[in-house]
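Please look through the sequence and the model shown below, and keep them at hand while reading the report that follows.

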Amino acid sequence: ANNSYIFRSKAPYSIDEFGQVARTNFSYSQPWFVPGRGFFFLHTRYDQGRRFLHWMTSADGYAWSEPTLLAAVEMGHYQISNRQGERIITAFNYHPLKGGLNARTNLYYLETSDFGRTWRTAAGKSVTTPIREKRNEALVFDYETEGKLVYLKDINFDAAGRPVVLYLTSKGFEPGPANGPREWCIAHWTGETWERTPFTTSDHNYDFGSLYIEEKLWRIIAPTDPGPQPGGWGRAEGERPAT
């Protein structure tokens, strides 16, 4: 199996020398440092081609907990995450058995404020993990029923600390106008419900962007206009016709 490594600098704030502190097997690493607590490390682990979400923790960056499974629905997930204080938030989609990466869909959301001991919805309802069914309490929008794919882009907090998810929906994995329009959307927890707002379109599923939120200004920087080769060329990893 392929190995993944965690290194730590030999001296604070120095990049002159590093030492290996862990060797394991993870992908799509998303580590968050929580002052006074340590590291909360969201990541993906492969299981016979399936992408399952896990987390590990460490108080000092040297000793790491065993990985704990967060979500393992059918062929797995992609996720995006963020931190505010001791609160870690994550949004993820899922890959159906039929189609896998080419059929990624749905939008889910979870958060933890106690280093993974409990996970909750945006409304504060406790959720039992690991999640193993596609219809569960973490589900925000059921895009599978709508026949749409979901490509995650960014996640942030509004001025009140409520989650805001930036993502793109598409009619299919293949590039080209047949699967348009590819809608950029915001999913915003208002404190009572999730609201989704489409705001522009794009011509490729892998047009990525970032969400910046100031007190009264939300700014999205993304390549939404067609480039010199409209529709894009080639396919990124995972964007292959299903066999």
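## Exposure and the overall picture

A residue counts as buried when its relative accessible area is under 20%, as exposed when that area is over 50%, and as partly exposed in between. The model described here is a predicted one. Tyrosine 13 has a relative accessibility of 89%, and because exposed means over 50%, this residue counts as exposed. Across the chain, buried residues make up 48% of the 243 residues.

The chain contains 1 helix and 18 strands. Its radius of gyration is 19 Å, close to the 18 Å that the globule rule gives for 243 residues, so the chain is as compact as a globular protein of that length. Along the principal axes, the C-alpha trace spans about 50 × 45 × 40 Å.

Strands of a sheet pair through backbone hydrogen bonds, and the pairing may be either parallel or antiparallel.

Glutamine 30, for instance, has leucine 42 in β4 as its bridge partner.

## The sheet of β13 to β16

Another open sheet of 4 strands has the order β13-β14-β15-β16, and here too the pairing is antiparallel. The edge strands are β13 (149-157) and β16, each pairing on one side only, and the twist averages 20 degrees from one strand to the next.

How many bridges join strand β15 to strand β16? There are 8 bridges between β15 (residues 182-189) and β16 (residues 194-202), which run antiparallel.

## Backbone features in the loops

Most residues other than glycine have a negative phi, and most peptide bonds are trans. Tyrosine 13, which is placed in the loop between β1 (4-9) and β2, has a positive phi of about 60 degrees although it is not a glycine. Glutamine 48, found in the loop between β4 and β5 (50-58), also has a positive phi, near 55 degrees. With a relative accessible area of 74%, glutamine 48 is exposed.

Which peptide bonds are cis? One joins threonine 129 and proline 130, with omega about 5 degrees, and proline 130 is found in the loop between β11 (126-127) and β12 (139-141). Another runs from glycine 180 to proline 181, with omega near -5 degrees, and proline 181 has its place in the loop between β14 (163-170) and β15.

## Surface residues

Tyr5, Phe7, Ile15 and Phe18 form a nonpolar patch on the surface, and together they have about 460 Å² of accessible area. Phenylalanine 18, one of these residues, lies in strand β2 (residues 18-24) and is partly exposed, with a relative accessible area of 44%.

Serine 113 lies in the loop between β9 (105-112) and β10 (119-120), and at 39% relative accessibility it counts as partly exposed. Although serine 113 and glutamine 84 are 29 residues apart in sequence, they are 9.4 Å apart in space, C-alpha to C-alpha.

Conventions. Residues numbered from 1 in each chain as written. Predicted model: local features only at pLDDT ≥ 70, side-chain atom pairs only at ≥ 80, totals over all residues. Heavy atoms only, no water. Pairing = 2+ DSSP bridges. Helix = DSSP H or I, 4+ residues; strand = E, 2+ residues; numbered from the N terminus. Patch = residues over 30% accessible without salt bridge, like charges linked within 9 Å, V, L, I, M, F, W, Y side chains within 5 Å. Areas by Shrake-Rupley, 256 points an atom, 1.4 Å probe, with all protein chains shown as cover. Salt bridge = Lys/Arg side-chain N within 4 Å of Asp/Glu carboxyl O. Buried < 20%, exposed > 50% of the residue type's maximum accessible area, 1.4 Å probe, protein only. Axes fitted to C-alpha atoms, helices over the stretch in contact; angles between N-to-C directions. Rg over C-alpha atoms; globule rule 2.2 N^0.38 Å.
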